[in-house]
Amino acid sequence: MGRERQTDRRGAGAVVPMSEIERRKNDHLDIVLAGEGRARVGTGLDAVVFEHCALPEMSLDDVDLSAQLFGRRLSAPLLISSMTGGPLRADSINIHLAQAAQHLGIAFAVGSQRVAVEGASACGLSRGLRAHAPSAVILANFGAAQLNAGWGLEHARRVVDMIAADALIIHLNALQEAVQPGGDRDWSGLVGRLEAVVRHVGVPVIVKEVGAGISGRVARRLADIGIAAVDVAGAGGTSWAAVESARARGRAARVAATFAGWGIPTAQAIADVRRTCPALTLIGSGGIKSGLDVARALRLGADLVGQAAGVLEAALASTEAVVEHFETISQELRIACFCTGSRTIAELKRAPLVQAPPGAEVDGHAG
Ligand SMILES: Cc1cc2nc3c(=O)[nH]c(=O)nc-3n(C[C@H](O)[C@H](O)[C@H](O)COP(=O)(O)O)c2cc1C
């Protein structure tokens, strides 16, 4: 991977040495911030309509949003989903997100640690990050495709150790790799390599998509090799085909644009995985815009709900902006609980619906 001098895509004036992969990550941030990376398909979450409870018989302050992940208590069922930054901005993004996760008591997943492991740039991913969030649940991250490019158990342990993570996320991004010039195209034999990591890495492993969704069928296969949780990262929010089409030129741009509406919408993916794997810890994400979307995802069967692009602007600004962002989401979630007469997240998950979207029951839990 050759290193060359290159400016930030926004032409901010800073001249820093950037490798191809770092430059790509930097472009991704700008494309998402400009709103050019959105899927040409909806999440399906709008179809989840709660039955309004006109008489909640409780105080709004009685609502308990607390949740658990791998035996750890969270103040709300929220996850800051993985985002990589590129060297110019990753440091401050990660510090803001870590400090906010600590303050709020919610979980925080870092972006891919590949660049940091391969030594090109630390991107703020070190034990120093843990010092900003000493008691937060922090999740490490790398791409499954790396397991076909020489990575194995030792690399997995390094990414966990690098940030003293509580669990490891391995992401599946086959569509992105397929449409990205120079992407990793060989995904054969990955399940066996994944299993070797899952069985021996020593922390719970979460497998996630990046915006195209995980089906019940794939989740079942993953549950069978011992993963601890699935994050569906469904379609309707960030689309890596849309992102890559904004970045590419010529044929590559056209091919990527063709798939900007591809994927399993978030609502459908959550309901399908919950139906297929009733006992598996399930993270719902992909296009989450508000605390009401969080409530809808929980009602479909998610245990925890994640958001990436929606918090990116705040993540670039400051720790306080991230805190404010998630306090707003929590307030919306609390009101959804109140107006369904739900004192806890467990009760919200059984709250009656006015009409059932595919996979959800009107009364009682979708699973
Ligand atoms: C700028 C950016 C960088 C991302 N980098 C990663 C990454 O390194 N690893 C990963 O697993 N997912 C990554 N994602 C995917 C998100 O974690 C998430 O699954 C996806 O964006 C869908 O959620 P959203 O619609 O809320 O953005 C990234 C997303 C964004 C917006």
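Select A308 and the ligand: an oxygen atom of the ligand lies 3.0 Å from a polar backbone atom of A308, a polar contact being a pair of N or O atoms within 3.5 Å. The model is predicted, with local features needing pLDDT of at least 70 and side-chain atom pairs counting only at pLDDT 80 or more, while totals for chains, interfaces and linings use all residues. Residues are numbered from 1 along each chain as its sequence is written, and side-chain values use heavy atoms, without hydrogens or water.

Next, select S82, where a polar backbone atom is 2.7 Å from an oxygen atom of the ligand. At H171, an N or O atom in the side chain is 3.2 Å from an oxygen atom of the ligand.

Now turn to helix α1 (residues 20-33) and helix α13 (residues 309-317); helices are DSSP runs (H or I, at least four residues), numbered from the N terminus. Their axes, lines fitted to C-alpha atoms over the stretch in contact, are 10 Å apart, and the packing angle is about 105 degrees. α1 is therefore roughly perpendicular to α13, a term for angles of 65 to 115 degrees, on a scale from 0 to 180 degrees between N-to-C directions. To view the contact (heavy atoms within 4.5 Å), select L29, V32 and L33 of α1 with A309, L312, E313 and L316 of α13.

Finally, select helix α5 (residues 153-162) and helix α7 (residues 190-200), which pack at about 50 degrees with axes 9 Å apart. Here L153, A156 and R157 of α5 meet A196, V197 and H200 of α7.

Methods: Helix = DSSP H or I, 4+ residues; strand = E, 2+ residues; numbered from the N terminus. Parallel < 35°, antiparallel > 145°, perpendicular 65-115°, else oblique. Polar contact = N/O pair within 3.5 Å; in protein donor to acceptor, adjacent residues only side chain to side chain.
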